[in-house]
Each structure stands twice: as structure tokens, then as C-alpha cells.
Amino acid sequence: MHAFHPSPGMSKPALYAELLSAADALTAGESDGVANMANVAALLWEMLPDVNWTGFYRMVDGGLVLGPFAGRPACIRIPLGQGVCGTAAASGQTQLVADVHTFPGHIACDAASASELVVPVLRHGAVVAVIDCDSPILARFDAEDAAGIEALAALLSSRI
Ligand code: SME
């Protein structure tokens, strides 16, 4: 339906501005949260260089459950407070992990993952999901990536 690709040499703020406007166009006016998460997972996969997993975990009955994603099959349920995703969900804080092997309790779904960025999606102050991006490259994500995915999480707050 759509092809979204970053232009070569594009700065991260420019890439995230494009990603946000594409996510807005894909989800505006669609009330089905699963469809919106599926399209955004695919969009992240297409637009972010050097990632091996992009997707969502949803808060269900006080724990995280796998949602739409792109990449290899992953762990289905993550208790709050466990791993990078469970820590983001429990704290409501973005987790930027340069080397997942040094993160206590990291859950290795794909042995290729080396760094990870997890951003909570908040609705009325409560965590309803997390956006998880994994990379096979150490320290792949920085503060500009965190700011970009946080803006995406804010956009999706009432759309997933
Ligand atoms: N590594 C994550 C688990 C989810 S997968 O990476 C898809 C974690 O520690 O929470």
C-alpha cells in the first residue's frame, strides 16, 4: 500500500519527523488498535536502519503480552518489572540500553539483539503498551531515537 524509506544521509530528527507523519497518516481515523499497531510495527521495521525487531507489548491484566511486531517470533508474556520491556512498563520510563547483556534480567528473545530501546505508551497517565526496538548493533539507539519513539508513543496514546 505505502512504501516508506528514509533518504540516505537523513538526520535522525528528520527521519523521526517523517516517521511520525507516516504513522499519523496510517492511523488517523482508524479505531482498530491491532491494525494500527501492526502498521506502525511494519513502518518502524521499514524506516529504522539496523533493527532486528520492532513492535509492541500490551498491558493485559497487569502484565505484558506480545502485540503486533516485525522480526523473529518473540516471548509472549513478560511480567512487570522483568527484562527491559517489563522495567519500562513498571516504571513508565523509557529504557535506553546500549548493551543488553549488561542489563539485569534482560530477556533474550533473539540472540542477535545487542541494544534495545523501549518506550511506554501512556493513556491518562497509565501504561497501556510499550514500543520495543531491538538492534544487533551495540549502542544503536541514542537520545534522539528515544525522543523520536516517545513522540510516536504520544501520537499512538489514543489510537491503539
Ligand atoms: N528483550 C526484551 C524482550 C522482548 S524482545 O526483545 C522482543 C526484554 O528484555 O524485555
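Throughout these views, a residue is called buried when its relative accessible area is under 20%, exposed when over 50% and partly exposed in between, using a 1.4 Å probe on protein chains only. The model is predicted, with local features needing pLDDT of at least 70 and side-chain atom pairs counting only at pLDDT 80 or more, while totals for chains, interfaces and linings use all residues. Residues are numbered from 1 along each chain as its sequence is written, and side-chain values use heavy atoms, with hydrogens and water left out.

**View 1. The aromatic cluster of W53, Y57 and F69.**
Welcome to the rings! Two aromatic pairs turn up in a search of the whole structure. Rings of Phe, Tyr and Trp (for Trp, the six-membered ring) pair if their centres lie within 6.5 Å, and planes under 30 degrees apart count as stacked, over 60 as edge-to-face and the rest as tilted. The W53 and Y57 rings are stacked, because their centres are 5.9 Å apart and their planes meet at 25°. W53 and F69 are stacked as well, with ring centres 5.1 Å apart and planes at 15°. W53 sits in strand β1 and F69 in strand β2 (residues 63–71), so this pair ties together parts that are 16 residues apart in sequence. Helices (H or I, at least four residues) and strands (E, at least two) are DSSP runs, numbered from the N terminus. W53 is buried at 4% relative accessibility, and Y57 is buried at 1%, whereas F69 is partly exposed at 30%.

**View 2. The disulfide between C75 and C109.**
A disulfide here is a pair of cysteine sulfur atoms within 2.5 Å, and the search of the whole structure finds one. The sulfur atoms of C75 and C109 are 2.2 Å apart. The torsion about their S-S bond is about -115°, so the disulfide is left-handed. C75 lies in the loop between β2 and β3 and C109 in the loop between β4 and β5, so the pair ties together parts 34 residues apart in sequence. C109 is partly exposed, at 34% relative accessibility.

C85 is in no disulfide, and its nearest cysteine sulfur, that of C109, is 7.6 Å away. C85 is buried, with a relative accessible area of 4%. C133 is buried at 0% relative accessibility.

**View 3. Helix α3 and its packing.**
Buried residues of α3 are G83, V84, C85, G86, A88 and A89. They pack against β1, β2, β3 (77–79), β4 (95–97), β5 (115–123) and β6; contact means heavy atoms within 4.5 Å. Just after the helix, G92 takes a positive phi of about 70°.

**View 4. The largest cavity and its lining.**
On a 1 Å grid over the protein atoms alone, a cavity is a set of points where a 1.4 Å probe fits but cannot get out, and lining residues have an atom within 4 Å of a point. Grid points are joined across faces, edges and corners, and a volume is the space filled by probe spheres set on the points. One cavity of 30 Å³ or more is counted by this rule, and the largest cavity has a volume of about 160 Å³. Its lining has 17 residues, of which I107, C109, E116, D132 and D134 lie nearest the centre. β1 (53–60), α3 (83–91) and β6 (126–135) each supply at least two lining residues, and α3 gives the most, with three. By class, the lining has 10 nonpolar, three polar and four charged residues. In that scheme Ala, Val, Leu, Ile, Met, Phe, Trp, Tyr, Cys and Pro are nonpolar, Asp, Glu, Lys and Arg are charged, and the others, Gly among them, are polar.

**View 5. The glycine G55 in strand β1.**
G55 is buried, with a relative accessible area of 0%. Leaving aside neighbours within four places in sequence, G55 is in contact with A41, P68, F69, V130, I131 and D132. G55 and A42 are 13 residues apart in sequence and 8.1 Å apart in space, C-alpha to C-alpha.

**View 6. The glycine G33 in helix α2 (residues 33–47).**
G33 is buried, at 15% relative accessibility. Beyond neighbours within four places in sequence, G33 is in contact with R159 and I160.

Key
1 Å grid on protein atoms, 1.4 Å probe; cavity = no way out; pocket = protein on both sides within 12 Å on 5 of 7 lines; lining within 4 Å.
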